[in-house]
Amino acid sequence: HTQKPEVPKDLVKMEYTDEEKVRIGKYLERVKREPVKFKSGKGSSANPVIDLHTTDRTATAAKLTEALGTPDAELQKFLINQVVQTFRGCVLAEGFDNSKMAEYANNAMALLSGIQPKDEIEGMLAIQMIAVHNMAMETMKRAMITGQTFEGQEANVNRATKMLRTFTAQMEALQRYRTGGQQKVIVEHVHVNKGGQ
């Protein structure tokens, strides 16, 4: 009697519900939009360097344009530098943490790829949104440190609250900018009874 070989679980064909198929389709669409990746270059804490992790410069240029809202290479570099410096631990008293620069740039590019700014205005706003998010998370983390004074905790909660409100305002501003300031109202389930108009 020979034993039937086990089929690895990842090779078993799954039966998906319609809802799962839709979810998987959305996931596969998002995966196609893989953001630009960076790697550490040769640099110092005074003059950090990161390099593009690519062999296809044309596709990378297109991805950078989509992520930053501008085709201008100098402005792209400027915006990437700005956003990377908003990540905690990037800027140190003695300069920059060059080993972390590529990691922070990759995180920023993934976020920007999700926001998908359409032009330079949206690109600047997207950079600001990431910075505000980083500041909010840092102050919320500080508010949770045990052993601090009530005043210290309250100051951090207040800062975090301001940052979270700012982030919400930025999201609303982005939405208004994208729609030209027009609001869309959808009315559903309207019932007209006998004699009604």
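Q: Which residues in α4 are called buried, and what does that term require?
A: In α4 the buried residues are N98, M101, A102, Y104, A105, N106, A108, M109, L112 and S113. The term requires a relative accessible area under 20%, whereas exposed means over 50% and partly exposed lies in between (1.4 Å probe, protein chains only). The model is predicted: local features need pLDDT of at least 70 and side-chain atom pairs count only at pLDDT 80 or more, while totals for chains, interfaces and linings use all residues. Residues are numbered from 1 along each chain as its sequence is written, and side-chain values use heavy atoms, with hydrogens and water left out.

Q: What do the buried residues of α4 pack against?
A: They pack against the strands β1 (38-40), β2 (50-52) and β4 (95-96), and against the helices α2, α3 and α5. The names follow DSSP runs numbered from the N terminus, with helices being H or I of at least four residues and strands being E of at least two. Packing here rests on contact, that is, heavy atoms within 4.5 Å.

Q: Why are α3 and α5 called roughly parallel?
A: Their axes come within 9 Å and cross at roughly 15°. Axes are lines fitted to C-alpha atoms, for helices over the stretch in contact, and angles run from 0 to 180 degrees between N-to-C directions. Angles under 35 degrees count as roughly parallel, over 145 as roughly antiparallel, 65 to 115 as roughly perpendicular and the rest as oblique. The pair α3 and α5 is therefore roughly parallel. At this pairing, L75, L79, Q82 and V83 in α3 meet E120, M124, I127 and I130 in α5.

Q: Why are α5 and α6 called roughly antiparallel?
A: The axes of α5 and α6 cross at roughly 160° and come within 8 Å. By the angle rule, α5 and α6 are therefore roughly antiparallel to each other.

Q: What is the handedness of the crossing of α5 and α6?
A: The crossing of α5 and α6 is left-handed, whereas α3 passes α5 in a right-handed crossing. A crossing is left-handed if the near helix is turned anticlockwise from the far one by less than a right angle, and right-handed if clockwise.

Q: What makes L174 buried?
A: L174 has a relative accessible area of 9%, so it counts as buried. L174 lies in helix α6 (residues 150-179) and touches I115, E122, L125 and M129, not counting residues up to four places away in sequence. The C-alpha atoms of L174 and A126 are separated by 8.5 Å, although the two are 48 residues apart along the chain.

Q: What makes T60 buried?
A: T60 has a relative accessible area of 7%, which places it among the buried residues. T60 is found in helix α2 (residues 57-68), and its contacts, not counting residues up to four places away in sequence, are V36, L52 and T54.

Q: How do you know that E29 and K32 meet in a salt bridge?
A: The N to O distance between their side chains is 3.1 Å. A salt bridge is a side-chain nitrogen of Lys or Arg within 4 Å of a carboxyl oxygen of Asp or Glu, so the pair qualifies. Both residues lie in helix α1 (residues 18-32), 3 residues apart, about one turn of the helix. E29 is partly exposed at 47% relative accessible area, and K32 is exposed at 62%. By this rule the count comes to 7 salt bridges.

Q: Which residues are linked with E138 in a network of salt bridges?
A: The network links R88, E138, K141 and R142. R88 and E138 meet at 2.9 Å, N to O. That pair links distant parts of the chain, with R88 in the loop between α3 (73-84) and β3 (91-92) and E138 in helix α5 (residues 120-143), 50 residues apart. The closest N and O atoms of E138 and R142 are also 2.9 Å apart, and these two residues, 4 apart in α5, are separated by about one helical turn.
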